[in-house]
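I opened this model to look up how its chains meet and which side chains pair. My notes are below, in the order in which I went through them.

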Amino acid sequence: MNKTPLPLNLVNHEAVEGTAAAWLARKSDTIRWSEQDEAALAAWLAENTAHRVAWLRLQHAWKRVDRLTPLREQSSIEQADVPAVRPWRPRRRSVWRASIAGLACMLIMGSAALWRAASPRSDEDHYVTAIGARQSLTLNDGSKVVLNTRTRARAAVTPDSRTFWLDEGEAFFDIHPDPNHPFVVNAGGDRITVLGTKFSVRREQGRTQVIVLEGRVKLEHAAHHGGAAQPADIAPTLAKNDSAVAQEGGVLIAAKTATQTLQQLSWREGRLEFDDLSLADIATEFNRYNRRQLVVHGDAAHIKLSGRFESYNIDGLVRLMREGFGVKVQEEGDRIHLSLN
Amino acid sequence: MSTLNTIDQKKLHIPPGLPLAIDVVSDWFSTEVLPLEPALMRLLRRHWRHPEDLPDLRQEVYVRVYESVRQDGFPLSTSAFVFVCARNLMVDRARRAQVVSFDVLADLEELPEQPGTDFTPERLTDAKQELQLLELALDELSPRCREVILLCKIEGLTHKQISDRLGIAEGTIEKQITVGVRSLAERLCAQGVTAAVAWVRRMGRREREQ
């Protein structure tokens with residue numbers, strides 16, 4: 001075989017990959033993997049970039065297999081870190097029930113408030129947030145939910161089952177671990193199932209987006225609008241930093257970096273962060289949070305920028321576009337028109 | 001220093017603190033570069049005459065990309081950057097090879113500066129195809145190897161538990177995973193979804209023709 005002779009100082013990548021694989025195999029025995037092992041691995045990775053890239057490549061493949069894994073009970077090791085399942089605390093609903101008239105008043109006042117409406121089903125709690133509002137709540141099992149702007153949701157959490165409906169809008173979930181009672185979020189026809197996890201769901205017309213901060217999330221996509229969810233055997237399991245979009249064509253999954261995931265979730269702190277996003281897309285995002293609406297015209301839509309803004313600070317964004325990019329601004333009632341000419 | 005309501009310094013092309021932190025480069029490498037592997041392998045296969053060199057070449061490209069980004073920051077276009085690294089590496093190697101054939105070198109030097117439209121990352125994967133690919137990749141493994149990996153990954157068993165369950169030594173388990181993860185990487189990273197699905201279609205067609 002006429003192999004091209006290689007320069008003498010080249011790395012033997014085949015051997016390096018073998019060593020990286022051996023490290024990965026050792027690390028997969030989570031119970032025996034020690035701090036010394038971690039330090040030894042770090043030292044080996046630091047020795048040569050070839051070691052590091054071989055490791056990253058194998059890790060990448062190894063992690064993808066996680067998509068196949070169904071949700072299962074947490075291993076005994078993980079369970080040791082989990083506090084005992086909190087006993088169910090019944091809520092005193094009567095205190096919170098608002099009359100229909102009361103609801104109308106709040107709407108007129110335009111307050112960024114959350115209220116729990118009188119619900120036709122006594123076992124469901126309803127939640128609604130106004131434009132620009134953000135509200136944290138604690139469910140009966142101790143799970144914490146943060147609702148974003150313009151969101152409508154329902155919750156039914158009992159000792160026997162935990163169900164949440166995200167009818168419209170966006171919510172971040174920090175679900176109390178309970179391997180015996182999966183927490184299910186219904187968004188349109190899509191069904192998201194977790195055991196104890198931190199993730200967000202965003203539902204708008206015909207489209208569901210799921211972002212995972214920690215833990216595992218199973219996503220079952222409705223095959224047709226209004227139809228039943230797909231059989232569980234082809235439902236992917238999403239892991240940390242995965243971002244999935246389910247819409248008519250199917251489900252697309254992207255692995256993001258830790259930074260990108262946090263950027264997508266910065267709304268929890270009232271902040272919008274963009275990385276190289278078009279002005280058109282930025283405007284769409286801002287418009288979710290504000291009564292005054294940005295309208296972007298023509299080529300101005302293609303301007304790309306990165307930055308961080310408080311979600312209410314339309315004026316700040318507009319000022320930046322005018323002074324930094326020469327964008328023309330024209331205010332007309334509740335609409336702010338942005339254009340380049 | 002508050003950076004709220006400002007444009008990111010980095011995007012104004014003021015160079016960030018260099019060299020970049022390893023975490024940052026590693027993250028970027030995993031999410032932006034590795035999805036290019038199917039395209040990269042197609043490129044290498046097309047232009048390098050010796051298929052047994054390909055895994056080596058690929059890793060060399062990765063090393064160059066990683067070190068370059070660590071020192072100089074992120075490229076504006078990841079796919080263009082990886083393409084150029086691969087091109088330059090092949091030209092370098094061909095020049096240094098003891099047996100130089102002029103047509104090989106000429107071919108390589110005629111590679112364009114920019115990649116074509118088919119040099120794109122396989123980043124967004126259709127969930128159904130991804131699952132098909134995963135099953136295909138697992139099918140490739142020997143039954144014992146597959147068993148060990150599934151018990152480790154899906155059941156979350158420790159090696160001791162797997163050893164007890166299957167009646168094999170723990171050392172063997174480590175070996176099986178070592179072999180298995182390399183095979184998985186070949187199928188998942190190097191070949192990717194498109195190739196695998198095409199392969200499945202060809203198999204299906206062949207079966208129907210028989």
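**Ground rules.** I am working from a predicted model, in which local features need pLDDT of at least 70, side-chain atom pairs count only at pLDDT 80 or more, and totals for chains, interfaces and linings use all residues. Residues are numbered from 1 along each chain as its sequence is written, chains are lettered from A and ligands numbered from 1 in the order in which they are written, and side-chain values use heavy atoms, with hydrogens and water left out.

**Entry 1, the interface.** I looked up how many residues of each chain take part in the contact (heavy atoms within 4.5 Å). I found 65 residues from chain B and 65 residues from chain A. The buried area is the accessible area, taken with a 1.4 Å probe, that two parts lose on being put together, summed over both. For chain B and chain A I noted about 6100 Å², with 61% of it on carbon and sulfur atoms.

I then counted polar contacts, meaning pairs of N or O atoms within 3.5 Å; within protein, one must be able to donate a hydrogen and the other to accept it, and residues adjacent in sequence count only if both atoms are side-chain atoms. Between chain B and chain A there are 13 residue pairs in polar contact, both residues at pLDDT 80 or more. Helices (H or I, at least four residues) and strands (E, at least two) are DSSP runs, numbered from the N terminus. The elements of chain B that each supply at least two residues to the side touching chain A include helix H1 (22–33), helix H3 (54–72) and helix H9 (170–209). H9(B) gives the most to that side, with 13 residues. By class I have 27 nonpolar, 14 polar and 24 charged residues on the side of chain B that touches chain A. Here Ala, Val, Leu, Ile, Met, Phe, Trp, Tyr, Cys and Pro count as nonpolar, Asp, Glu, Lys and Arg as charged, and the others, Gly among them, as polar.

Side chains of opposite charge can pair when their charged atoms come close. My rule for a salt bridge is a side-chain nitrogen of Lys or Arg within 4 Å of a carboxyl oxygen of Asp or Glu. It gives 36 salt bridges over all chains, and seven across the interface of chain B and chain A.

Which residue of chain A forms a salt bridge with B:Arg182? It is A:Glu17, with the closest N and O atoms 2.7 Å apart. A:Glu17 also meets B:Arg58 in a salt bridge, at 3.8 Å from N to O. That pair crosses between chains, from helix H3 of chain B to helix H1 (residues 13–27) of chain A. I checked burial next (buried is under 20% relative accessible area, exposed over 50%, partly exposed in between; 1.4 Å probe, protein chains only). Both B:Arg58 and A:Glu17 are buried.

A:Arg152 lies in strand S5 (residues 152–157) and A:Glu168 in strand S6 (residues 162–174), so the pair ties together parts that are 16 residues apart in sequence. A:Arg152 is partly exposed at 40% relative accessibility, and A:Glu168 is partly exposed at 36%.

A nonpolar core is a set of buried Ala, Val, Leu, Ile, Met, Phe, Trp, Tyr and Cys residues joined through side-chain atoms within 4.5 Å. The largest has 76 residues, and B:Phe29 and B:Leu184 have the most contacts inside it. Not counting residues up to four places away in sequence, B:Phe29 touches A:Val53, A:Leu56, B:Leu34, B:Tyr62 and B:Tyr66.

I placed A:Tyr289 in helix H8 (residues 279–289) of chain A. Is A:Tyr289 buried or exposed? It counts as buried, because its relative accessibility is 7%. Its C-alpha atom is separated by 5.4 Å from that of A:Ile131, 158 residues apart along the chain. The side chain of A:Tyr289 makes a polar contact of 2.8 Å with the side chain of A:Asn148.

B:Arg87 is in helix H4 of chain B and counts as buried at 11% relative accessibility. Its side chain has a polar contact of 3.3 Å with the side chain of B:Asn88.
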